[in-house]
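Subject: Structure handover

Hello,

Here is the structure you asked about. Please load it first, then read the notes below.

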Amino acid sequence: MILVIIPLFVILTAASWFLIPSKVLKAIFGTIFSLAMIASIGLLAANMDAHYGMKKETTVATKEVYSAAPAQMPVGMVAAKKIGTDDYVLVYKDQEADKEASAHFVPDTSDIVKAVKQSATYKKADIQTAQVKTTTTKWVYKNDTYKWLFKQNKEDNLVKEVHTLEVPTSWQVVLK
């Protein structure tokens, strides 16, 4: 909406300074609309530069996962392939009944911006079942007024999404 408000104030400012015949009214309305235009531009710049009207919100979701090894094997297993400096493609089963394990967190090369914001890693922990902990950090609007003022269509406010596969210490991690 701010992108509609700014041109409106530009038009009102120009109309005030050039079309009002009375010098007193011209000065009053011209000054008011000029200040409103400058304030609107300042708000837009603050939102674009420092996320004015927004706050970071982090959510954590946990999902149980299962060994990539066949059910007959006594030891759980996950396969990991390192990509980049500290990022992995992880192979495990989503459901216990799945016949084959599948690769997870493969970067989407058609959307590089999204791929850069996501990462995946693993760690061994003193737990009983394997789980993927997804930590998502996004910019969200502080209230509905800021959302009404600054929200644009198809905006992506994702800061980062980190997937951490936690496996029991008894599991094997096979690095490819």
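Which residue forms a salt bridge with Glu155? The partner is Lys151, with the closest N and O atoms 3.7 Å apart. A salt bridge here is a side-chain nitrogen of Lys or Arg within 4 Å of a carboxyl oxygen of Asp or Glu.

Some ground rules. This is a predicted model, where local features need pLDDT of at least 70 and side-chain atom pairs count only at pLDDT 80 or more, while totals for chains, interfaces and linings use all residues. Residues are numbered from 1 along each chain as its sequence is written, and side-chain values use heavy atoms, with hydrogens and water left out.

**Salt bridges**

The structure holds 5 salt bridges. Back to the pair above: Glu155 is partly exposed at 25% relative accessibility. Lys151 is partly exposed too, at 38%. The classes are buried (under 20% relative accessible area), exposed (over 50%) and partly exposed (in between), with a 1.4 Å probe and protein chains only.

Asp94 pairs with Lys63, with 3.3 Å between the closest N and O atoms. Asp94 sits in the loop between β3 and β4 and Lys63 in strand β1, so this bridge ties together parts that are 31 residues apart in sequence. Helices (H or I, at least four residues) and strands (E, at least two) are DSSP runs, numbered from the N terminus. Asp94 has a relative accessible area of 22%, so it counts as partly exposed. Lys63 is partly exposed at 40%.

Lys133 and Glu166 also meet in a salt bridge, at 3.6 Å from N to O. The link runs from Lys133 in strand β6 to Glu166 in strand β7, 33 residues apart. Lys133 is partly exposed at 28% relative accessibility, whereas Glu166 is buried at 6%. Lys123 joins Lys133 and Glu166 in a network of salt bridges.

**Sheet with β1, β6, β7 and β5**

These 4 strands form an open sheet in the order β1-β6-β7-β5, with mixed pairing. Two strands pair if DSSP finds at least two bridges between them. The edges are β1 (54-64) and β5 (118-125); each has a single partner strand, so one side of each is left without a neighbour in the sheet. The twist averages 20° from one strand to the next. For such angles, axes are lines fitted to C-alpha atoms (for helices, over the stretch in contact), and values run from 0 to 180 degrees between N-to-C directions.

Strand β7 covers residues 158-168 and runs parallel to β5, joined by 8 bridges. Gln118 stands opposite Glu161 in β7. Ala120 stands opposite His163 in β7. Strand β6 (residues 131-141) pairs with β7 in the antiparallel sense, over 8 bridges. Here Thr134 has His163 as its bridge partner. How enclosed is β7? Of its 11 residues, 8 are buried, so the strand is largely enclosed by the rest of the structure.

Glu57 lies in strand β1. Glu57 is partly exposed at 39% relative accessibility. Its C-alpha atom is 5.6 Å from that of Thr137, 80 residues apart along the chain.

**Sheet with β4, β3, β2 and β8**

Another 4 strands form an open sheet, in the order β4-β3-β2-β8, again with mixed pairing. The twist averages 30° from one strand to the next. Strands β2 (residues 77-83) and β3 (residues 87-92) run antiparallel and are joined by 5 bridges. Ile83 has Asp87 in β3 as its bridge partner.

Glu96 is in the loop between β3 and β4. Glu96 is exposed, with a relative accessible area of 63%.

**Residues 28-46**

An unreviewed UniProt entry places a "transmembrane region" at residues 28-46. UniProt positions follow the numbering used here, feature names are shortened, and annotations may be inferred rather than shown by experiment. In the model this stretch is 100% helix and 0% strand, with its end C-alpha atoms 27 Å apart.

Ile28 is found in helix α2 (residues 23-50). Ile28 is partly exposed at 42% relative accessibility.

Best regards
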